[in-house]
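The following exercises concern the structure shown below. Each task is followed by a solution in steps.

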Amino acid sequence: MASSSFNRWMRPEVYPLFAAVGVAVGICGMQLVRNISGNPEVRVTKEKRSAGVLVNFVEGERYAEHAVRKFVRNKSPEIMPSINAFFADPK
């Protein structure tokens, strides 16, 4: 019984579905770890929870301005800017 169930789900047509679900779970896990470890509003330890409302702008700025945001800040919001410029710019 187990082998027929395994053969039913492990067809080559199902591999892209497993890959897409795996990527989605990976992104969710990465965001969960990022929020637990770096978000200034999330406090895991009892000492930090008992501190009350903290006003720490430096920590919040560091969390909001991460490396990806700094990298794409001055980039054009296009996927393929050279191809778009080739077809859009009149010459």
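**Exercise 1.** State in which helix Trp-9 lies.

*Solution.* Trp-9 lies in helix α1, where helices are DSSP runs of H or I with at least four residues, numbered from the N terminus. The model is predicted: local features need pLDDT of at least 70, side-chain atom pairs count only at pLDDT 80 or more, and totals for chains, interfaces and linings use all residues. Residues are numbered from 1 along each chain as its sequence is written, and side-chain values use heavy atoms, with hydrogens and water left out.

**Exercise 2.** Identify the helices that each supply at least two residues of the nonpolar patch.

*Solution.* Step one: the patch on the surface is formed by Phe-6, Trp-9, Met-10, Tyr-15 and Phe-18. Patch residues have over 30% relative accessible area and no salt bridge; nonpolar side chains (Val, Leu, Ile, Met, Phe, Trp, Tyr) are joined within 5 Å, like charges within 9 Å. Step two: α1 (2–9) and α2 (15–38) each supply at least two of the residues.

**Exercise 3.** Determine whether Asn-39 is buried or exposed.

*Solution.* Step one: Asn-39 is found in the loop between α2 and α3 (46–49). Step two: Asn-39 counts as buried because its relative accessibility is 17%; buried means under 20% relative accessible area, exposed over 50%, and partly exposed in between (1.4 Å probe, protein chains only). Step three: the C-alpha atoms of Asn-39 and Ala-24, 15 residues apart along the chain, are separated by 21 Å.

**Exercise 4.** Find the residue whose side chain meets that of Arg-73 in a salt bridge.

*Solution.* Step one: a salt bridge is a side-chain nitrogen of Lys or Arg within 4 Å of a carboxyl oxygen of Asp or Glu. Step two: the partner is Glu-65, at 2.2 Å, N to O. Step three: Arg-73 counts as partly exposed because its relative accessibility is 47%.

Definitions and conventions. Areas by Shrake-Rupley, 256 points an atom, 1.4 Å probe, with all protein chains shown as cover.
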